[in-house]
Amino acid sequence: GQQGADIIVCPEMATTGYIWENAEQIAPHAEEARGETYGALSEVSRKHGAWLVCGYPELWEDRLYNAAMVIRPDGALACSYRKILLYDADYAWSAAGSDRQCIPTGEGGLCPAICMDLNDDRLIRFLWERQPRIVAFCTNWIEENIDVLTYWRLRLMGWKGWFVAANTWGMDGETEFSGSSMIL
């Protein structure tokens with residue numbers, strides 16, 4: 001933000017880490033979309049006049065979701081996007097979301113996506129149809145000794161826009177993440 005970024009993207013589950021054994025373990029860390037994390041990040045977004053997208057565990061209507069809050073440059077909450085295509089580790093505690101989002105920005109749409117969503121052909125069709133200017137990709141891509149750049153480019157073939165990926169790096173318990181944050 002201090003360097004003039006128009007968009008700031010944080011990893012999936014950036015506020016808590018990713019690996020949780022069950023809903024009871026993560027529940028004390030989950031919050032509503034306009035909770036404490038939103039309050040803090042809203043100030044950052046407003047201060048820098050930037051879009052901010054951050055992964056967090058959302059509590060909504062007594063259900064837990066692997067979600068990403070999207071905050072407008074004025075600090076207002078644009079949406080809380082809930083991950084649709086869950087990964088094995090998500091099933092221990094998270095319900096699946098159902099609605100894709102494409103937020104108007106004045107310079108083209110912004111579409112949030114979370115990790116495994118990129119493997120979902122329905123997301124790719126959504127991107128082709130809507131042609132958002134930016135995909136804000138919060139991820140915890142597990143280290144699989146593959147070239148994620150090549151894979152991500154392959155998945156996004158046919159879509160024209162900016163892909164801003166923030167990926168966790170290092171260990172979370174026994175699970176290793178690949179890093180590889182990038183802008184395509």
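**Ground rules.** Residues count from 1 along each chain as its sequence is written, and side-chain values use heavy atoms, with hydrogens and water left out. Since this is a predicted model, local features need pLDDT of at least 70 and side-chain atom pairs count only at pLDDT 80 or more, while totals for chains, interfaces and linings use all residues.

**Entry 1: the count.** How many salt bridges does the structure hold? I found 8. A salt bridge here is a side-chain nitrogen of Lys or Arg within 4 Å of a carboxyl oxygen of Asp or Glu.

**Entry 2: R46 and E43.** I looked up R46 and saw it paired with E43, with the closest N and O atoms 3.8 Å apart. Both sit in helix α2, residues 36-48 (a helix is a DSSP run of H or I, at least four residues, numbered from the N terminus). They are 3 residues apart, about one turn of the helix. R46 has 44% relative accessibility, so I noted it as partly exposed (buried is under 20% relative accessible area, exposed over 50%, partly exposed in between, with a 1.4 Å probe and protein chains only).

**Entry 3: K83 and D90.** Next I checked K83, whose salt bridge with D90 has its closest N and O atoms 2.6 Å apart. Is K83 buried or exposed? K83 is buried, because its relative accessible area is 0%. D90 is also at 0%, so it counts as buried.

**Entry 4: D120 and R122.** I then found D120 and R122 meeting in a salt bridge at 2.8 Å, N to O. D120 is buried at 6% relative accessibility, whereas R122 is partly exposed at 48%.

**Entry 5: a network.** Last, I noted that salt bridges with shared partners join E12, K83 and D90 into one network.

Note on methods: Helices (H or I, at least four residues) and strands (E, at least two) are DSSP runs, numbered from the N terminus.
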